[in-house]
Structures are given as structure tokens and as C-alpha cells.
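Work through the exercises below with the sequence and the model in view. Try each task before reading its solution.

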Amino acid sequence: MHPTLPGPLGDCLRDWEEVQQDFQSIQETHRLYRLKLEELTKLQNNCTSSITRQKKKLQELALVLKKCKPSLPVGAGEAAKELENQIKERQGLFFDMEAYLPKKNGLYLNLVLGNVNVTLLSKQAKVTDAAFNFLLVWYYCTLTIRESILINNGSRIKGWWVFHHYVSTFLSGVMLTWPDGLMYQKFRNQFLSFSMYQSFVQFLQYYYQSGCLYRLRALGERHTMDLTVEGFQSWMWRGLTFLLPFLFFGQFWQLFNALTLFSLARDPECKEWQVLMCGLPFLLLFLGNFFTTLRVVHQKFHSQRHGSKND
């Protein structure tokens, strides 16, 4: 303790003593935090390893039960079926437990984020997903309104691309209403990865379309309200051939999403109507995007050949 001094120096010393007391409290809190963090890490590791062992035993038990089922005596079938249902129920419980435990990142997240743990330890994940899906609904709604206004002002947007945004609005709305559960968690990471990839492809499409339209408008060959490129020029091939692999990969990912959802809909544990109602729009989006892209590429290929012959 410093002797009491008059003036500003005394005030500074008193403030310093208060800061010191707060600092000691912070040190103690931080020490407790580190101890609790170490305990939490140990509990997570123990819980993860225990669940892994249990799941392995359940798989072995289910396999043995499946093999011995045909040779069971009369009357034992009901007990075997009840045991099978209990195994499935236990596996579902383990899936819910694992939602709160750290998991290894997939290939995509490893490439983007490395070994950063992105697991959320609370229901914050569903709240974040709901906000994300709400933004998707808002985004596609604004697109449909904007495109309707542009069409009324002379823009030549292909009908499928307008309808595509209505389907995407419906899909995002259904995703928004999908409650958290086993089926949702099974599809969640796949959907979020697809959404990130789709955003990347949309940026590539914007870059390609805006470049083509800027050049065509400068040449006086396009209306100022046009958003997409009709017709074809030979110089467009360079950008289009770069873009097509990304487009086709995203479209087949839409098909993969549809097949995954149809598979989940057949699961006996599936109770949500949203599973099937999300699978159908994904299948429709794949069919429309894939065949429309093929038709556009075919038309532009013939336009290029026709232009070459005229030259």
C-alpha cells in the first residue's frame, strides 16, 4: 500500500489499487476457466470414444441379429423385431448426442478452414440455420419481383430461369419450416455445403453474364433491360467453357440432394413431411437446369458453326 498522497497522483494510485484487485479476480476466473475447459475436453473425448464403442457393438449386434433371424424358432420373431427397433432407437439417440460433440471436418471444410472446430454446443445451430433460410426466402422473393418488373419493361429473360427462382423460394420456405431432428441433422451439412458452392457458382455466372452484356450493349446489340445473353458470339466460348464444368457439377449436386432426401424419406424414423417436399424441388431444379443448359449450349454451338460458315 502506498501512503496517501494528495492531488492527481493520489487518485491515480487509488485507481491502480482497484485495478489490481480486479486483475486478481480476473486471474482467478481465468484459472477456473482453464480447469473447466480441460474438464470439458476430457468429457468430450470420453463421451466420443464411448459412443464410438457403443455404435460399433450395436452394428455387430444388428449384423448377428440379421443373420440369425431366418433360423429363429416360432414365437421368437417378435422379440427379435423388438430388439431391432431398440437398436435403431439407440442409434438415433447417439446421433442426437453427437450433435453436441466435436466432429472432424469434411473434405470441403478442411480445405477452407483447416482443423478449426465448427461444432456448436447448443441449439444456436438451428437458430442460425433458420436465419440463413429466411435470408434465402427473402433473396429469391426479391429476385422474382425484380425479374417481373424487368420483363414488363422489355427484358428478355428465359421462362425457366424465372420459374427456377419461384421453385427456389418454395424450397427455401420448406427448409425454414423443417424442425430440428435426426433427419434434419443428417442433411444439414450437405445442404450448407451445397449452398456455399451455389453462391460461388452464382458469382461466376454474374461475372460471365455481366461481361458479355457490357460488351454487347457497347456494340448496340442488346437492350438496357436485358439480364441474360440471347444469341451468341464466337468470343463468348472462352468464358462459357470455363463456366460449364462448375454449372454441371452444381446441377448434379442438386440431383444428389434429391436422391439423399428420397432415401431419408424411406427411413422408418422419418416423420417430417419436409423431407419429401424438399426432395421434389431439388429434382425439379436439376431437370430444369440441366436440360435448359444443354439446350442453350446446343443452340450456341450451332450459332458458332453457322457464323464460321458465313465467314
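The model is predicted, so local features need pLDDT of at least 70 and side-chain atom pairs count only at pLDDT 80 or more, while totals for chains, interfaces and linings use all residues. Residues are numbered from 1 along each chain as its sequence is written, and side-chain values use heavy atoms, with hydrogens and water left out.

**Exercise 1. The whole chain**

Task: Describe the secondary structure, burial, contacts and surface of the protein chain.

Solution: Begin with the elements. Helices (H or I, at least four residues) and strands (E, at least two) are DSSP runs, numbered from the N terminus. The protein chain has 8 helices and 0 strands, and its pattern along the sequence reads α-α-α-α-α-α-α-α.

Next, take burial. Buried means under 20% relative accessible area, exposed over 50%, and partly exposed in between (1.4 Å probe, protein chains only). Of the 311 residues in the protein chain, 31% are buried.

Then turn to contacts, meaning heavy atoms within 4.5 Å. Among contacts with a separation of 6 or more, 71% are between residues 24 or more positions apart.

Last, the surface. Accessible areas come from the Shrake-Rupley method with a 1.4 Å probe; for residues, only the protein chains shown count as cover. The protein chain has an accessible surface of about 20,800 Å², and carbon and sulfur atoms hold 63% of that.

**Exercise 2. The cavity**

Solution: On a 1 Å grid over the protein atoms alone, a cavity is a set of points where a 1.4 Å probe fits but cannot get out, and lining residues have an atom within 4 Å of a point. Grid points are joined across faces, edges and corners, and a volume is the space filled by probe spheres set on the points.

Searching the whole structure gives 1 cavity of 30 Å³ or more. The volume of the largest cavity is about 40 Å³. Its lining consists of Asp129, Phe132, Asn133, Met175, Tyr184, Arg188, Phe191 and Leu192. Two elements, α4 (124-152) and α6 (182-218), each give two or more residues to this lining. The largest share, 4 residues, comes from α6.

Now sort the lining by type. Ala, Val, Leu, Ile, Met, Phe, Trp, Tyr, Cys and Pro count as nonpolar, Asp, Glu, Lys and Arg as charged, and the others, Gly among them, as polar. The count is 5 nonpolar, 1 polar and 2 charged.

**Exercise 3. Leu204**

Task: Is Leu204 buried or exposed, and which residues does Leu204 touch?

Solution: Leu204 is part of helix α6. Its relative accessible area is 12%, so Leu204 is buried. Leaving out residues up to four places away in sequence, Leu204 touches Phe242, Leu243 and Phe246. Leu247 is 43 residues from Leu204 in sequence, and the C-alpha to C-alpha distance is 9.4 Å.

**Exercise 4. Aromatic pairs**

Task: How many aromatic pairs does a search of the whole structure find? Describe two of them.

Solution: Rings of Phe, Tyr and Trp (its six-membered ring) pair if their centres lie within 6.5 Å; planes under 30 degrees apart count as stacked, over 60 as edge-to-face and the rest as tilted. The search finds 19 aromatic pairs.

Tyr139 and Tyr140 pair edge-to-face, at 5.1 Å centre to centre and 65° between the planes. Tyr139 is partly exposed at 32% relative accessible area, whereas Tyr140 is buried at 4%.

Phe194 and Trp253 are also edge-to-face, at 5.8 Å centre to centre with 70° between the planes. This pair links distant parts of the chain, since Phe194 is in helix α6 and Trp253 in helix α7 (residues 237-265), 59 residues apart. Phe194 is buried at 4% relative accessible area, and Trp253 counts as buried at 17%.

Conventions: 1 Å grid on protein atoms, 1.4 Å probe; cavity = no way out; pocket = protein on both sides within 12 Å on 5 of 7 lines; lining within 4 Å.
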